Each structure stands twice: as structure tokens, then as C-alpha cells.
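Reader: I am new to this structure. Can you take me through it in short steps?

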Number of protein chains: 2
Amino acid sequence: MKYELYYWPGIQGRGEFARLVLEDAGAEYVDVAREPGGMKKMEAALEGEFKQLLPFAPPFLRAGDVVLAQTALITSFLGERLGLAPKDEQGKLAAMTIAMTIADLVGEVHDTHHPTSVEVRYEDQKAAAKERAAAFRENRIPKFLGWLESTLERNGDVMVGENVSYVDLSTFQVVVGLEYAFPHAMNKVTKDTPKLLALRDRIAKRPKLGAYLASKRRIPFNQQGIFRHYKELDPA
Amino acid sequence: MKYELYYWPGIQGRGEFARLVLEDAGAEYVDVAREPGGMKKMEAALEGEFKQLLPFAPPFLRAGDVVLAQTALITSFLGERLGLAPKDEQGKLAAMTIAMTIADLVGEVHDTHHPTSVEVRYEDQKAAAKERAAAFRENRIPKFLGWLESTLERNGDVMVGENVSYVDLSTFQVVVGLEYAFPHAMNKVTKDTPKLLALRDRIAKRPKLGAYLASKRRIPFNQQGIFRHYKELDPA
């Protein structure tokens, strides 16, 4: 089975959470919009080409005859198919709960640079962004990261179950994304999250994932993605 | 099986999406925090009493030995157990995709009155709220509702599959919530979403759900919930 991932070609963004599962599992996949003519294929899907589902927005995934969207759902679907998910009901539900909470955190990251409108450039909503980013740094990063750390403390070396799952890959991604976007704020918070940093390091060293991270397939973080670094939003 | 739903007792909020599934199915459940001593029980769970999962925030659900959180996951879990969900894989995935997109919309509704910080009162972030609500009314309501309408147009009288599912109940709830919060904006947009309004009406007339909506168990919309009506955020 060759998976088809549909996501914006120039950024890590939400699509990266799906890429990490595909790469860590060594799955065969096409990153559709990064192929020649792929943007047109993605637009056709957004306009209703898939009979099974009208996606609201990228990322979305085609797996044979099946189509689905929403980052956390894609990662859980892939994780369960590719051996990167718990097998028992409680494990599956806990994994999905955590993945959806990480997706909420990613949404809040997005809103630090787009607090009032997704249709308007960051530069035209800087005042509100400054306020929102301050609240995010002071309250939300500690709250979310503290919760991820507590979850690890309760469970052990992985977020859920006994083996590395898609949830650990998503945890890695949100931590490194936050470190790119908010290095100063993260320096303060991660003093209290040693298990989370150790997990980040273990995940980065996994053979297939490490090779991917060092490859050209891994798009560098940049100022068009969801994790963006604006100095004024992360003062020293 | 007696389900235990944990959510803030004074508002519909995100918990209402779960209540609608439980009520429409006629399931036995306890709305824990609305019972005597229930808030303490909810706080204990948030502090880590459940071995299976540390919830980040309400709503969360206990179903026997299983614990889960996140609105869309709770509704899909209940829907699948209580006969309010598609049975085939594509149907389940499409249902969850739509439910998660509705959850995103609900998050955006929340941010119209809390655009910069959840820790600060609406009254202290009114300027940003005015900007965010304007963008929400002009761009996001038409985009989300247009997408829900298109999904209905493609599928028929229900959002997914052939029978009423939890997705239809969630669609009902987000439409009536938006009508409470943004009556003027909704008046304009719903001219173009006749199928969505017809679905809202059909759902409201379902025997068990209609009885619930007319009962005291249905908390009225109010200014502490997620759907709030501020005149200045919905000008005529």
C-alpha cells in the first residue's frame, strides 16, 4: 500500500506529524503536493474530487480506497496500521486523547502569530499577537508541557503503553517546534520537564526517523509554517 | 453500563456534544459535576486519580474501566457504542474527521471572546475580540458552514452514511450555538445553507433529543459558556 499524504509543500506545519509516522515506520508514501503537478491534485481533492470525504483543509490522507483528514486522526490511523500504536482499547483511546491535545497546542501556537485572522498577515496583527504570545509563553506552554511531563512520569519512558507510538513522535515534533519558535520561553519551562527532553532525544535517535531528520525530505522550520520564530514574540 | 461524564456543571460548552449523544441514545449516565460532591470528584480526576489517563481538561468520560477525553473522541466513542455512528471503516473515519472539524470551529467560537488569553476576562480583551469576531463572522462562519452544507449536499439527509449519527447531533449543536451567539451573522450565512437548517430542525424533533432539549437537564445558553452573545461582537 502506497499512502498519499496531501499537505502544503513548503512547510512542516501539521503535515509533519503525519510524515514522522510514515518515515519512522518506513512506509511507502507520496507527499503529493511536493511532486510535479501535485498542487493541482491537492486542489482537486479540496474541491470535492474524493467521493468519500470533502476535506476541510490539508493535511489529508488517502490509503487505498479510504480517505481521512485531521492531523491527530491521520497519525492515529497510520500508527495503528504501521505498528506505532497501542493495541488495547484503553491504550488506543489514551493515545488519541493525547494526540488531540497536542493538536490543540499546535492550534494555539498558530494563533500566537495569527490571533485575530488567518486571512491577514502577521505583520498586520502584531499588537494582538504580542498579547497572545505573552499569555501563551506565561500560561499555556507551562500548562501543556507540564501535562505532557506528568503523563510521562505516570507512564514511563513513552507517552502511552509500553512501546514508542505515534504519540511520542508527535510529542517530539511539538517540543522541537516550540524550541524553534520560542527558544527563550522554552529554556525556562524545560528546566521542569527533564523526561520530555529525554524523550525528544531518544526519538531523534531512532534509526529511520534520525535518517529522515537529516535528509532533504525534512523541510527546515521557516516563517511560513505554524512554528515561527519572531524575536518580539519571545523576548529574552 | 452507566457512563460518567465529567464537565463543568453550569454551561453547555463542549460537554454538551457528549450529552446530546447520551440523551439521544437514551443511555444511562451521570453528569458527575452536577451531582452533589461532583466537582470534587472531577477535580480529583484532573489531579490524576484515573490511572488510565490524566485528562488535560473537561470534558472527559469514564465508561466502565475505560477513560478518555477530547470532545470529538468522546462523541465518536459513544456514537459507536450506542448505535449512532457508521459501521464501515470509511464511514467511521469520515464521521471522526467531520466531528474534529466541528471541534475546531467550536475552538474558534471560544476565541472570538477570548482572543488573547483564557486566563483573562472578556472585558479585558475587548479590542482584540472585536477584530477576531469580525474576521470570524466574515470569513470563518461562511467557510465552515459552507463546508458543512457541501458535505450534506454530497451525502444526502445526514452528514455521513445513511443514518443519523453523532455527527448530525454535533452539527445541530454548533448551528444552534452559533445562532445564539451570532444571530445577525447567522441570518446572512444560513440563507445559503438550507440543508443545514433542515437538518437542525429534523434533529431537534427526534423524540428523545426533543424531550431532552425541553427538559431542565438542558442548561440554557449563557454568558459563561463557549457560545456567548455579545451585541458588540455581532452588529446588525
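The questions below go from the chain contact to the spaces inside and then to single residues.

Reader: How many residues of chain B are in contact with chain A?
Author: This is a predicted model, and local features are read from it only at pLDDT of at least 70. Contact here means heavy atoms within 4.5 Å. On the chain A side, 47 residues take part, and the number in chain B is 47.

Reader: What area is buried between chain B and chain A, and which residues of chain B lose the most?
Author: The size of an interface is often given as the accessible area lost when the parts come together. Between chain B and chain A that area is about 4,000 Å², with 59% from carbon and sulfur atoms. Three residues of chain B lose the most area to chain A, together 19% of what that side buries: B:Phe56, B:Gln70 and B:Arg154.

Reader: Which residues lie closest to the centre of the second largest pocket?
Author: The second largest pocket has a volume of about 570 Å³. Its lining has 18 residues, and those closest to the centre are A:Ser76, A:Glu80, A:Lys92, B:Ser76 and B:Glu80.

Reader: Which element gives the most to the lining of the second largest pocket?
Author: By class, this lining has nine nonpolar, two polar and seven charged residues. Helices α3 and α4 of chain A, and α3 and α4 of chain B, each supply at least two residues. The most, five residues, comes from α3(A).

Reader: How many residues of α3(A) are buried?
Author: Buried means under 20% relative accessible area. Among the residues of α3(A) that are buried are A:Thr71, A:Ser76 and A:Gly79. The helix is mostly covered, and of its 11 residues the number buried is nine.

Reader: Which residue just after α3(A) takes a positive phi?
Author: Look just past the end of this helix, where phi is about 80°. The residue there is A:Gly83.

Reader: What volume does the largest cavity have?
Author: Rolling a probe the size of a water molecule over the atoms shows where empty space is left. The structure holds four cavities of 30 Å³ or more. In the largest cavity, the space is about 70 Å³.

Reader: Which element gives the largest share of the lining of the largest cavity?
Author: Residues of this lining include A:Arg14, A:Phe17 and A:Ser170. Two elements give two or more residues, α3 and α4 of chain A. By class, the lining divides into six nonpolar, three polar and one charged. The largest share, four residues, comes from α4(A).

Reader: Which residues touch the most other members of the largest nonpolar core?
Author: This core has 161 residues. One of its members, B:Leu145, touches B:Leu105, B:Leu178, B:Met186, B:Val189, B:Thr190, B:Thr193 and B:Leu196, leaving out residues up to four places away in sequence. Those that touch the most other members are A:Leu145, A:Leu178, A:Phe182, B:Leu145, B:Leu178 and B:Phe182.

Reader: Is A:Arg200 buried or exposed?
Author: A:Arg200 is found in helix α8 of chain A, residues 194-204. Beyond its neighbours within four places in sequence, A:Arg200 is in contact with A:Phe172, A:Val175, A:Val176 and A:Glu179. The cut-off for buried is under 20% relative accessible area. A:Arg200 has 19%, so A:Arg200 is buried.

Reader: Is A:Lys216 buried or exposed?
Author: A:Lys216 lies in the segment after α9 of chain A. The cut-off for exposed is over 50%. A:Lys216 has a relative accessibility of 83%, so A:Lys216 counts as exposed.

Conventions: Residues numbered from 1 in each chain as written. Chains lettered and ligands numbered in written order. Predicted model: local features only at pLDDT ≥ 70, side-chain atom pairs only at ≥ 80, totals over all residues. Heavy atoms only, no water. 1 Å grid on protein atoms, 1.4 Å probe; cavity = no way out; pocket = protein on both sides within 12 Å on 5 of 7 lines; lining within 4 Å. Points joined across faces, edges and corners; volume = space filled by probe spheres on them. Nonpolar A, V, L, I, M, F, W, Y, C, P; charged D, E, K, R; others polar. Core = buried A, V, L, I, M, F, W, Y, C linked by side-chain atoms within 4.5 Å. Buried < 20%, exposed > 50% of the residue type's maximum accessible area, 1.4 Å probe, protein only. Buried area = accessible area lost by both parts, 1.4 Å probe.
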